[in-house]
Amino acid sequence: MRKDNQLLVITHLSQLLTFITGFGGLIVPLILWVTQKDKVLEMDDQGKRIINFQLSLIIYAIICIPAILLLGLGIIGLIVVGIISFIFPIVNAIKANNGESPTYPLSFNFIS
């Protein structure tokens, strides 16, 4: 296995494709993780964290949609989900570049 911090950074930052394409934030990291998890050191662990984070964000967004009818709380929830989905990939890309272990809060463990 080789150490490739640049690929880890790209994997973290590829989550931001959601803001451009609407769906690439889950597909691209999933493809990178599946194809590189046996070749790049720490890709398996960080890829699982990214996929769990993206799936958790999708669930939070789905929960917020009907909550819009409840005094508009869903709108606030969607704004918070949007901010979290923008900030944490950037922070964790910086951590991955420095060789630190990334953390994604509020993530469910779908893939362990």
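Student: Is Val80 buried, partly exposed or exposed?
Tutor: In this predicted model, Val80 is placed in helix α5. Val80 has a relative accessible area of 41%, so the class is partly exposed.

Student: How far apart in space are Val80 and Val40?
Tutor: Val80 belongs to helix α5. In sequence, 40 residues separate Val80 from Val40. From C-alpha to C-alpha, the distance between them is 33 Å.

Student: What span should helix α5 have, at 1.5 Å a residue?
Tutor: Helix α5 covers residues 73-97, which makes 25 residues. The expected span is 1.5 Å times one less than the number of residues.

Student: Which elements are included in what covers the buried residues of α5?
Tutor: The buried residues of α5 include Gly74, Val81, Ile84, Pro89 and Ala96. Contact here requires heavy atoms within 4.5 Å. The cover of these buried residues includes α1 (5-13), α2 (17-21) and α4 (43-67).

Student: Against which helices do the buried residues of α1 pack?
Tutor: The buried residues of α1 are Asn5, Leu7, Leu8, Val9, Thr11 and His12. They pack against α3, α4 and α5.

Student: Which backbone atom lies 2.7 Å from a polar atom of the Ser14 side chain?
Tutor: Ser14 is in the loop between α1 and α2. With a relative accessible area of 7%, Ser14 is buried. Not counting residues up to four places away in sequence, Ser14 touches Gly24, Gly25, Val28, Pro29 and Leu32. The atom at 2.7 Å from its side-chain polar atom is the backbone oxygen of Thr11.

Student: Where does the backbone nitrogen of Phe108 find a polar side-chain atom at 2.7 Å?
Tutor: The residue in question is found in helix α4 and is buried, with a relative accessible area of 1%. Leaving aside neighbours within four places in sequence, this residue is in contact with Leu106, Ser107, Phe108 and Phe110. The polar atom 2.7 Å from the backbone nitrogen of Phe108 belongs to the side chain of Ser56.

Student: Are the rings of Tyr60 and Phe108 stacked, tilted or edge-to-face?
Tutor: A search of the whole structure finds four aromatic pairs. In the pair of Tyr60 and Phe108, the ring centres are 5.6 Å apart and the planes are at 40°. Stacked requires an angle under 30 degrees and edge-to-face one over 60. The pair of Tyr60 and Phe108 is therefore tilted.

Student: How many residues apart are Tyr60 and Phe108?
Tutor: Tyr60 lies in helix α4 and Phe108 in the segment after α5. Their pair links distant parts of the chain, with a separation of 48 residues.

Student: Which charged residue sits over the ring of Trp33?
Tutor: A charge counts as over a ring if it is within 6 Å of the ring centre and within 35 degrees of the ring normal. The charged end sitting over Trp33 is 4.8 Å from the ring centre and belongs to Lys37.

Student: What phi does Glu42 have?
Tutor: Most residues other than glycine have a negative phi. Glu42 lies in the loop between α3 (24-36) and α4, and is partly exposed at 35% relative accessible area. Although Glu42 is not a glycine, its phi is positive, at about 70°.

Student: What phi does Leu106 have?
Tutor: Leu106 lies in the segment after α5. At 57% relative accessibility, Leu106 counts as exposed. Leu106 is not a glycine, yet its phi is positive, at about 60°.

Student: Over residues 55-88, how far apart are the end C-alpha atoms?
Tutor: An unreviewed UniProt entry lists residues 12-34 and 55-88 under "transmembrane region". Over residues 55-88 the chain is 85% helix and 0% strand. The end C-alpha atoms of residues 55-88 lie at a separation of 14 Å.

Note on methods:
Residues numbered from 1 in each chain as written. Predicted model: local features only at pLDDT ≥ 70, side-chain atom pairs only at ≥ 80, totals over all residues. Heavy atoms only, no water. Helix = DSSP H or I, 4+ residues; strand = E, 2+ residues; numbered from the N terminus. Buried < 20%, exposed > 50% of the residue type's maximum accessible area, 1.4 Å probe, protein only. Phe/Tyr/Trp six-rings, centres within 6.5 Å; stacked < 30°, edge-to-face > 60°. Polar contact = N/O pair within 3.5 Å; in protein donor to acceptor, adjacent residues only side chain to side chain. UniProt positions renumbered as here; feature names shortened; annotations may be inferred.
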